[in-house]
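Good morning, and thank you for coming. Please have the display in view as I speak.

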2 protein chains.
Amino acid sequence: MRPKQQVEKRVADFLEICRRQGVKATHQRTEILRELAGSEEHPDAETILTRVRQRVPTISVDTIYRTLRLLEDSGVIARVGSMRDRARFDANTDRHHHFVCTECEMIGDFYSDAMDQFPVPQEVSEMGSVEGVYVELRGICRKCKQKAMKTEGRTGEKP
Amino acid sequence: MRPKQQVEKRVADFLEICRRQGVKATHQRTEILRELAGSEEHPDAETILTRVRQRVPTISVDTIYRTLRLLEDSGVIARVGSMRDRARFDANTDRHHHFVCTECEMIGDFYSDAMDQFPVPQEVSEMGSVEGVYVELRGICRKCKQKAMKTEGRTGEKP
DNA sequence: AACTCCAATCGTAATAATTACTATTTAAGA
DNA sequence: TCTTAAATAGTAATTATTACGATTGGAGTT
């Protein structure tokens with residue numbers, strides 16, 4: 001859970017963007033962003049739906065997906081966790097990267113100036129202009145590693 | 001198109017892996033890999049299906065997807081192009097990274113020792129053990145940039 | 001070469017995430 | 001308060017991917 005103050009700051013920023021862009025600042029949109037901004041676990045659309053429903057019981061699937069696209073297009077949230085069957089979302093707008101556990105799909109944020117300021121190879125400049133970098137470190141998280149060890153220890157165990 | 005020699009080398013490597021792993025080296029598998037290894041454009045499953053069908057007309061959707069998973073699990077190919085509606089594949093096994101055009105979805109390979117040898121931040125070591133790095137530079141490719149300029153030039157053009 | 005066996009394939013059906021549609025509701029400006 | 005176009009709810013449609021059951025064929029053996 002992120003600090004409430006930070007969450008509300010992000011919600012307020014979004015309301016400002018709505019005004020500027022001439023889109024409506026609805027209850028649903030606000031609650032979806034509030035939910036996402038308060039979470040550190042990069043939830044998927046279904047998870048967000050379930051949680052927001054506790055506060056806005058009639059909210060629909062369509063609204064969730066439409067809003068997530070809107071927020072993404074406005075640069076308020078980002079899509080993370082590549083190559084999976086479902087999209088995961090992130091309301092952390094500070095420049096950062098991700099660690100992804102290939103076992104349990106846990107996603108963690110981390111910061112690295114070195115990765116941010118990476119010089120673009122000439123090879124790439126010739127392909128086009130670079131506007132963003134997406135870095136994902138993949139591996140096994142601590143929890144899964146521990147679980148794996150326990151399971152190994154049980155080899156040959158009695159039934 | 002990649003050089004034929006290189007393609008056949010990769011196919012031969014795969015046949016060797018099949019023997020070692022005790023899986024059958026079928027005509028379908030060979031042709032799917034041959035198609036992918038010969039391409040530089042990181043095709044999706046449907047594109048591969050269409051192309052392989054010209055040589056193996058009865059090949060099924062199931063076989064395409066099953067084989068792509070098999071090849072991926074064997075480390076012969078990789079899944080690239082994150083956050084899209086469909087998976088894209090790459091038979092280039094040399095260590096490399098990707099440039100992705102957010103406009104037309106073109107994907108290009110590039111090489112960078114610096115990115116390969118990137119030091120893992122301590123923050124991440126505490127989350128788990130890193131086994132791989134996925135880097136994607138995102139931007140607009142030359143072709144799309146030119147197209148955008150032309151379109152801009154037409155502003156106010158007569159009907 | 002013929003035989004055998006089980007993995008692999010084909011054709012199609014099922015699944016699951018995401019997007020689209022339409023009647024109804026609501027934010028926000030007059 | 002009144003008005004209006006944008007947004008929502010509920011549901012249907014779409015699309016990529018996976019699963020299933022009957023049939024085929026790779027590869028080892030005789």
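Let me begin with B:His42, which is buried, with a relative accessible area of 3%; buried here means under 20% relative accessible area, exposed means over 50%, and partly exposed lies in between, with a 1.4 Å probe and protein chains only. B:His42 sits in the loop between helix H2 (27–38) and helix H3 (45–53) of chain B. Helices (H or I, at least four residues) and strands (E, at least two) are DSSP runs, numbered from the N terminus. Although B:His42 is not a glycine, its phi is positive, at about 55°. Most residues other than glycine have a negative phi.

A word on the basis of this talk: this is a predicted model, in which local features need pLDDT of at least 70 and side-chain atom pairs count only at pLDDT 80 or more, while totals for chains, interfaces and linings use all residues. Residues are numbered from 1 along each chain as its sequence is written, chains are lettered from A and ligands numbered from 1 in the order in which they are written, and side-chain values use heavy atoms, with hydrogens and water left out.

How confident is the prediction for chain A, in mean pLDDT? The mean is 93, and 94% of the residues of chain A reach 70 or more; pLDDT is the predictor's confidence in each residue, from 0 to 100. Contact means heavy atoms within 4.5 Å. Where pLDDT is low, the predicted coordinates should not be read in detail.

I turn to the domains of chain A. Domain 1 covers 1–93 and domain 2 covers 94–159, with bounds from an automatic or database domain assignment. Their centres, taken over C-alpha atoms, are 23 Å apart. In this pairing, 14 residues of domain 1 of chain A are in contact with 13 residues of domain 2 of chain A. The area buried between these two domains is about 1,100 Å², of which carbon and sulfur atoms give 36%; buried area is the accessible area (1.4 Å probe) that two parts lose on being put together, summed over both.

How many salt bridges are there between domain 1 and domain 2 of chain A? The count is 3, a salt bridge being a side-chain nitrogen of Lys or Arg within 4 Å of a carboxyl oxygen of Asp or Glu. On the domain 1 side of this boundary, strand S1 (78–80) and strand S2 (88–90) of chain A each give two or more residues.

A:Glu105 also deserves a look. A:Glu105 forms a salt bridge with A:Arg84, the closest N and O atoms being 2.6 Å apart. A:Glu105 lies in the loop between strand S3 (97–101) and strand S4 (107–110) of chain A, and is partly exposed, with a relative accessible area of 29%.

Next, the two chains together. Here 37 residues of chain B are in contact with 37 residues of chain A, and the area buried between the chains is about 3,000 Å², with 68% from carbon and sulfur atoms. What does the rule for salt bridges find across this interface? It finds 0. On the side of chain B that touches chain A, the elements supplying at least two residues each include strand S5 (128–141) and helix H7 (142–153) of chain B. The largest share of that side, 14 residues, comes from S5(B).

Finally, the salt bridges over all chains, which number 35. One of them joins A:Glu35 and A:Arg51, with the closest N and O atoms 3.6 Å apart. A:Glu35 lies in helix H2 and A:Arg51 in helix H3 of chain A, so the pair ties together parts that are 16 residues apart in sequence. A:Glu35 counts as buried at 14% relative accessibility, whereas A:Arg51 counts as partly exposed at 27%. Both belong to a network of salt bridges that also links A:Glu8, A:Glu31, A:Arg34, A:Glu41 and A:Arg55.

In helix H4 (residues 61–73) of chain A, A:Arg66 and A:Asp62 are 4 residues apart, about one helical turn, and their side chains meet in a salt bridge of 2.6 Å, N to O. In chain B, B:Arg138 and B:Glu136 form a salt bridge at 3.0 Å, and both are buried. Thank you for your attention.
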